[in-house]
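Please look over the fold below. The notes that follow go from the whole chain to single residues.

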Amino acid sequence: MRKGTGIAGATLLFGPRDQAPDLVQAMQFLLDDLRGEGRRIAAIKLTPSTLRLRSDPYELILTLAEAPLPLSAMQGLLRPPMGEAPDFARVHLGRTLRIHRHAMGFLLRRRGAPILDLDEAMRTLAEEGRFCLLPVIEATGPSMLVWQPGGLVLTAEEFRRAGADLLLQPGDASVPLTPPRTERLALPRPGARTVAAEAPPGTTPATRQDRAAAASLGRLFGRSAPPARAPLLPRLDRASDRVNAALRDTGPDQKHPRQQTASFWGAVLPALTGLGGVS
């Protein structure tokens, strides 16, 4: 976010175990959440590498990087202040910075008249940026993201739990986050027998139904499942005949077998016994 200009941004990074981000699915999840909040979609444009969406008074842009980001672009990154608590995610985040396979940029710009109070403007933009990023994270499943301003590095789960206050506060400048050296990436963990091979991309469930089916841990402990998104309707554009028949109620008769048998004998018996007369 550039102070006074109404612009916020983030960079999403995807490790070797993550699926390549899909802009079409990100667009679907964004539209679901924006319309669920009663937002009007003023314009939308989708290309193979860019998604532009305008929902007044904001304009949102998602951009896919053609290759991993260079290390020169990963300077000045900071973690949130942890106090006395250990930062267990630091090593994992540093490694992801070095070996990530895909990256996606997120930009949010406020259109129209600016908010005069700078603190209120920054908080409003941070809340809107968090609201728009949550469905993108749900759709694409990144390992981490870098929130701007301040170069604040967060895991996807940390961002879900974070509020606007965390996104607005400065990071811990005394311990900057830097990617590990190349020669340290192949070192096994102490006590490990072999180095685990990286899983091929595409292991993450691709659809929202798959994600809901995979998130079964909460149900094991009796907690209610999170509200599911509306199910996808597969290939309705290629099933217009079935859709029209269903709307007109002209599909095949789905009677009970006993009803079908009674209808059959009711039509055949008069012809066999001659009891049915012609009026």
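The report starts with the basis of the values and then moves through the chain.

## Basis

This is a predicted model: local features need pLDDT of at least 70, side-chain atom pairs count only at pLDDT 80 or more, and totals for chains, interfaces and linings use all residues. Residues are numbered from 1 along each chain as its sequence is written, and side-chain values use heavy atoms, with hydrogens and water left out.

## Whole chain

The protein chain has 9 helices and 7 strands. These are DSSP runs numbered from the N terminus: helices are H or I with at least four residues, strands are E with at least two. Of the 279 residues, 30% count as buried. Buried means under 20% relative accessible area, exposed over 50%, and partly exposed in between (1.4 Å probe, protein chains only).

The chain exposes about 17900 Å², and carbon and sulfur atoms supply 56% of that area. Accessible areas come from the Shrake-Rupley method with a 1.4 Å probe; for residues, only the protein chains shown count as cover. Among contacts (heavy atoms within 4.5 Å) with a separation of 6 or more, 71% join residues 24 or more positions apart.

## Helix α1

Helix α1 covers residues 23-36. Its 14 residues reach 20 Å from first C-alpha to last, close to the 20 Å expected at 1.5 Å a residue. The expected span is 1.5 Å times one less than the number of residues. Asp22 caps the N-terminal end: a side-chain oxygen lies 3.0 Å from the backbone nitrogen of Val24. Gly38 follows α1 and has a positive phi, near 80°.

The buried residues of α1 are Leu23, Gln25, Ala26, Met27, Phe29, Leu30, Leu31 and Leu34. An α-helix has 3.6 residues a turn, so residues three or four places apart point the same way.

## Strand β3 and Ser55

Ser55 is found in strand β3, residues 50-55. At 5% relative accessibility, Ser55 counts as buried. A polar atom of the Ser55 side chain lies 3.1 Å from the backbone oxygen of Arg40. Leaving out residues up to four places away in sequence, Ser55 touches Leu34, Arg39, Arg40, Ile41 and Ala42.

The peptide bond from Asp56 to Pro57 is cis, with omega near 10°. Pro57 sits in the loop between β3 and β4 (58-64).

β6 and β7 pair in the antiparallel sense over 4 bridges; pairing requires at least two DSSP bridges between two strands. Trp147 stands opposite Leu152 in β7. The hairpin has 3 residues between the strands, and Gly150 takes a positive phi near 95°. Pro149 lies in the loop between β6 (144-148) and β7 (152-155). The peptide bond from Gln148 to Pro149 is cis, with omega near 15°.

Leu152 and Leu154 point one way from β7, Val153 and Thr155 the other way, and all are buried.

## Nonpolar cores

A nonpolar core is a set of buried Ala, Val, Leu, Ile, Met, Phe, Trp, Tyr and Cys residues joined through side-chain atoms within 4.5 Å. The largest has 35 residues. Those with the most contacts inside it are Leu12, Leu62, Met104, Phe106, Leu133, Trp147 and Phe159. A second, separate core of 11 residues includes Leu93, Ala103, Met144 and Val153.

Beyond neighbours within four places in sequence, Phe159 is in contact with Arg130, Leu133, Leu134, Ile137, Leu145, Trp147, Leu154 and Leu167.

## Pro180

Pro180 lies in the loop between α5 (164-168) and α6 (208-214). At 23% relative accessibility, Pro180 counts as partly exposed. Pro180 and Ile99 are 81 residues apart in sequence and 9.9 Å apart in space, C-alpha to C-alpha.

Key: A polar contact is a pair of N or O atoms within 3.5 Å; within protein, one must be able to donate a hydrogen and the other to accept it, and residues adjacent in sequence count only if both atoms are side-chain atoms.
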